[in-house]
Amino acid sequence: MKTTCLFAPERTYLLDGAMGSMLQERGLPPGRPPETMTLEKPETVEAIHRAYLDAGADLIQTNTFGGNRAALSRHGLADKISEVNQRGAEIALRVAGPHGLVAGSLGPTGELLAPLGGLDPDEAEAIYYEQCQILKQTGLQLVNIETMNDLAELKAAVLAARSCRLQVMASATLMENGYTLTGASPEVIIATLEGLGVNVAGLNCGLGPAELKPFLVRMANATSLPLIVQPNAGLPQMRDGKTVYPLSAEEFSRQMRVLIEEARPQIVGGCCGTNPEHIKHLRKVIDKLPPSPQPKKKQQPERVLIAGRGQAVWWAGKWEEHHSLLVRPYDRKNINLDGETIDLFSLIETLKKEKNTILRLDFNAWESKADEVKNFIQDLQLYYTGPCSVRGGQPEILTGFFRYYLGRPLYEGERSSLPDPIRKCIDQYLPGTVFCSHDLDS
Ligand SMILES: [Zn+2]
């Protein structure tokens with residue numbers, strides 16, 4: 001399914017800035033979730049949206065960042081989920097008016113997903129699906145999935161939003177070392193988001209514009225997707241027991257100009273510590289950009305990035321450029337390697353000996369139940385963080401792979417000659433899968 005993107009390709013769009021800190025300045029007690037203000041002081045939420053539009057924002061975001069069931073439950077507010085999201089969206093839509101752009105904000109559940117944590121990805125997807133359904137029913141067409149630390153959670157949220165037929169912007173959050181909390185680099189993030197078929201991909205929170213710039217440039221070099229960036233007003237500092245963000249509106253917009261010139265994001269805004277002043281100054285920067293800025297060109301147009309959950313590899317369609325290892329898993333524990341049956345532990349040991357390996361999985365030998373593939377992939381990706389290539393003829397078995405695989409895989413086969421059920425499962429779970437030949441067969 002292809003929908004026309006809400007964003008015109010030749011324009012740079014300005015998003016709003018922070019919501020939570022603005023609400024705190026206007027009476028939200030520390031520790032209370034910002035979403036409660038939607039119910040208790042809707043006029044305050046409305047005034048903040050209006051302040052951002054007056055500052056020149058093209059696009060505002062609903063006050064629903066923590067509006068998923070898991071996050072609300074921690075504050076005993078699970079029974080308010082419909083009101084929080086419905087009213088949150090209605091306020092933003094009303095303020096934006098019939099021609100304004102509104103994105104539904106989706107933040108983390110606050111729990112770490114399997115394979116690294118305990119929350120099942122199916123449960124996480126159901127949590128986001130519930131929130132997306134409520135937002136969709138208000139007439140929203142677009143969501144902004146943001147501040148994601150965990151690739152598994154990012155995937156769960158994207159799948160939920162796509163099954164509600166919402167357009168998707170999605171951003172991950174990096175630490176100063178350039179990795180997410182779960183070890184994904186800018187290349188892994190962008191490859192994963194391309195694999196998931198989002199409309200817009202990028203980075204938000206965590207760092208200021210100057211620190212985010214090199215990471216966003218790396219993303220721009222690796223993708224032709226439109227990019228989004230929402231930096232903080234600098235790196236947070238502690239002053240008198242309070243978190244403060246050091247960048248003034250002038251300094252923020254100065255750093256943003258450099259970032260925009262080098263990485264060419266199409267959608268820019270602010271995260272923690274930014275306010276309507278920052279957005280107003282950013283408006284001036286955008287208005288001074290050349291009339292139709294050329295989007296940043298991918299550096300190696302003949303190559304695409306494929307990825308596992310922690311490593312990305314450039315792929316040009318040539319198996320001879322890579323180390324690869326072909327295995328035929330029988331079930332969760334037993335794997336055929338060169339005619340011998342080994343266990344997952346031995347497979348991981350073998351993989352560790354070579355760098356930049358692509359692990360080729362042939363599911364034609366799978367003997368166990370189809371739903372066991374989920375456990376196999378989760379066990380595998382807990383220890384092996386590089387990219388996988390997959391083949392197999394059974395859609396039920398491949399569904400387990402495409403639904404739970406973290407990253408962007410190869411599929412060994414021609415897209416044009418795919419049986420319908422397999423095409424459907426790829427389109428549903430990883431429409432940006434890269435197709436390749438398997439002529440390296442031994
Ligand atoms: Zn933030």
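Modeller: Happy to walk you through this one: the chain has 15 helices and 19 strands, counted as DSSP runs (H or I of at least four residues for helices, E of at least two for strands) and numbered from the N terminus. This is a predicted model, where local features need pLDDT of at least 70, side-chain atom pairs count only at pLDDT 80 or more, and totals for chains, interfaces and linings use all residues. Residues are numbered from 1 along each chain as its sequence is written.

Biologist: Thanks! Why are α5 and α6 called oblique to each other?

Modeller: The axes of α5 (residues 81-96) and α6 (residues 121-137) come within 8 Å and cross at roughly 40°. Angles under 35 degrees count as roughly parallel, over 145 as roughly antiparallel, 65 to 115 as roughly perpendicular and the rest as oblique, so α5 and α6 are oblique. Their crossing is right-handed.

Biologist: Which residues make the contact?

Modeller: From α5 come Ile81, Ser82, Asn85, Gln86 and Ala89, and from α6 Glu130, Gln131, Ile134 and Leu135; contact puts C-beta atoms, placed from the backbone, within 7 Å. These residues divide into 4 nonpolar, 4 polar and 1 charged.

Biologist: How do you know that the radius of gyration agrees with a compact globule?

Modeller: The rule is 2.2 Å times the number of residues to the power 0.38, taken over C-alpha atoms. For 442 residues that gives near 22 Å, and the chain has 22 Å, so the two agree.

Biologist: And how much of the chain is buried?

Modeller: Buried residues (20 or more other C-beta atoms within 10 Å of their own) make up 51% of the 442.

Definitions and conventions: Axes are lines fitted to C-alpha atoms, for helices over the stretch in contact, and angles run from 0 to 180 degrees between N-to-C directions. A crossing is left-handed if the near helix is turned anticlockwise from the far one by less than a right angle, and right-handed if clockwise. Two residues are in contact if their C-beta atoms, placed from the backbone, lie within 7 Å. Ala, Val, Leu, Ile, Met, Phe, Trp, Tyr, Cys and Pro count as nonpolar, Asp, Glu, Lys and Arg as charged, and the others, Gly among them, as polar. A residue is buried if 20 or more other C-beta atoms lie within 10 Å of its own, exposed if 12 or fewer, and partly exposed in between; C-beta atoms are placed from the backbone.
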